[in-house]
Amino acid sequence: VSSTSTTSSSQPVTTTPTQPQSADTFLTAGPLSPASSSLVAAPQTLAVAAAQTTGRSLYVSTSGNNTSDGSSANPYATIAYGVSQLRAGDTLYINAGTYQQSGGGAVFTASGTADSHITVQGVGNVIIEGTGTTTISGYAVASNFNPAFDTGGQDYIDFRNLTVNNLRAPVKASTGSSYIDIDGVKADRDHFGVWVDGSDHVSVHNMMITNCRNGVRTDSTAGV
């Protein structure tokens with residue numbers, strides 16, 4: 001994995017998520033675009049079986065309540081709580097809005113399976129915003145050193161249509177995790193656009209990374 005590009009001037013660009021693909025994508029760092037100075041993932045593909053949705057639909061809203069049942073009519077209030085309720089085959093729909101994160105992010109405690117992935121799907125313009133900044137190597141970056149999502153060693157998890165600003169990273173694919181798919185995610189003013197830490201089979205598609213210290217960071221990772 002080539003992973004050392006940084007950006008400083010681009011504005012985030014709205015991306016449209018694609019349907020889960022039938023191919024696993026090994027992440028490589030593409031060239032910097034002269035027009036945008038943004039790092040864009042340049043995928044290579046290896047065919048694997050496509051994921052199928054077989055579980056529940058749960059919802060999060062800025063006007064929700066964590067004592068609710070997580071239905072579309074009675075959504076949860078926080079992303080972290082919604083993630084804690086997920087099991088194989090479930091999809092967590094995050095309704096449009098800005099979700100402030102002042103501390104730790106959402107940590108997964110259950111895995112999907114090859115046929116029943118867990119999916120976190122933004123609906124409309126979903127922004128997860130960290131609080132507080134610090135300056136490192138001339139870049140104003142998050143003073144919150146937590147990612148928005150930590151896969152927690154779990155497998156077969158998909159992330160779709162999210163914007164994550166001013167945090168450690170949108171997703172930490174953590175030690176022991178496999179088959180993590182990130183599609184249509186934007187990172188701005190984060191420490192890392194993509195953080196792969198001891199995991200494998202991490203796929204990235206249609207991602208825009210701007211104003212981050214590093215486009216991609218990998219730690220103790222093999223087979224990505």
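This is a predicted model: local features need pLDDT of at least 70, side-chain atom pairs count only at pLDDT 80 or more; totals for chains, interfaces and linings use all residues.
View 1. Residues are numbered from 1 along each chain as its sequence is written, and side-chain values use heavy atoms, with hydrogens and water left out. A search of the whole structure finds seven aromatic pairs (rings of Phe, Tyr and Trp, the last by its six-membered ring, pair if their centres lie within 6.5 Å; planes under 30 degrees apart count as stacked, over 60 as edge-to-face and the rest as tilted). One of them is the stacked pair of Tyr59 and Tyr93, at 5.2 Å centre to centre with 25 degrees between the planes.

**View 2. An edge-to-face pair of Phe108 and Phe159.** The ring centres of Phe108 and Phe159 are 5.7 Å apart and the planes stand at 90 degrees, so the pair is edge-to-face. Phe108 is buried at 2% relative accessibility, and Phe159 is buried too, at 0%. Together with Phe149, these two residues form one aromatic cluster.

**View 3. Charges over Trp195.** Lys172 lies over the face of Trp195, at 4.7 Å from the ring centre, and Arg168 also lies over that face, at 5.2 Å (a charge sits over a ring if NZ of Lys or CZ of Arg is within 6 Å of the ring centre and within 35 degrees of the ring normal).

Technical notes. Buried means under 20% relative accessible area, exposed over 50%, partly exposed in between (1.4 Å probe, protein chains only).
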